[in-house]
Amino acid sequence: MHFKGTAHRYGRDIDTDVIIPARYLNSSDPEWLAAHCLEDLDKDFVKKVHKGDIIVAEENFGCGSSREHAPIAIKAAGVDVVIAKSFARIFYRNSINTGLAIMECPEAVDAIKQGDVVDVDADAGVIANATTGETFKAQPFPPFIREIIEEGGLINRTRKVLGIE
């Protein structure tokens, strides 16, 4: 899997209530959630983000509640991958389950600036800052996680494996 996009930088402890505020949880429609993604942190995020862009964040991204709405909102907003120093464990699993690629790589986070173009080869575990030419090594996705993400989430992959459409 290959991703390339512009970096949107955020700090540490970005919780799920900031990713998608609770006042918008009266719907699970991805388009609705995307329209309000990160608005309490960055009111212009949905105006700036383009399909294929990348979120880069410090430690503990996705902390807070266990709602799967947060990775759904990020993915539906157009973000292909989130790179952080660390993720809250439930957010990590919810991201995989909903088909949002996430990678931990503290060195890349330290080097990538707002607006840099980032190129990710998730199969090899290589994150390249195309703006500066620096490259970083992250853990590549194991085949079963890659399959889940490629199929758009765990439910889609399970349907495919079982032959249910």
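Two exercises with worked solutions follow, on a predicted model.

Residues are numbered from 1 along each chain as its sequence is written. Local features of this predicted model need pLDDT of at least 70 and side-chain atom pairs count only at pLDDT 80 or more, while totals for chains, interfaces and linings use all residues, and side-chain values use heavy atoms, with hydrogens and water left out.

**Exercise 1.** Describe the surroundings of Arg-9.

*Solution.* Begin with the position: Arg-9 lies in strand 1, residues 2–10, where strands are DSSP runs of E with at least two residues, numbered from the N terminus. Next, list the contacts (heavy atoms within 4.5 Å): leaving aside neighbours within four places in sequence, Arg-9 touches Val-56, Glu-58, Val-109, Asp-110, Ile-112, Lys-113 and Gln-114. Finally, look at the side chain of Arg-9, which reaches the backbone oxygen of Ile-112 at 2.7 Å.

**Exercise 2.** Classify the aromatic pair of Tyr-10 and Phe-45, and state what the pair ties together.

*Solution.* Apply the rule first: rings of Phe, Tyr and Trp (its six-membered ring) pair if their centres lie within 6.5 Å, and planes under 30 degrees apart count as stacked, over 60 as edge-to-face and the rest as tilted. By this rule the count comes to 6 aromatic pairs. For Tyr-10 and Phe-45 the centres are 6.3 Å apart with 70° between the planes, an edge-to-face pair. Tyr-10 lies in strand 1 and Phe-45 in helix 3 (residues 45–48), so the pair ties together parts that are 35 residues apart in sequence; helices are DSSP runs of H or I with at least four residues.

Methods:
A polar contact is a pair of N or O atoms within 3.5 Å; within protein, one must be able to donate a hydrogen and the other to accept it, and residues adjacent in sequence count only if both atoms are side-chain atoms.
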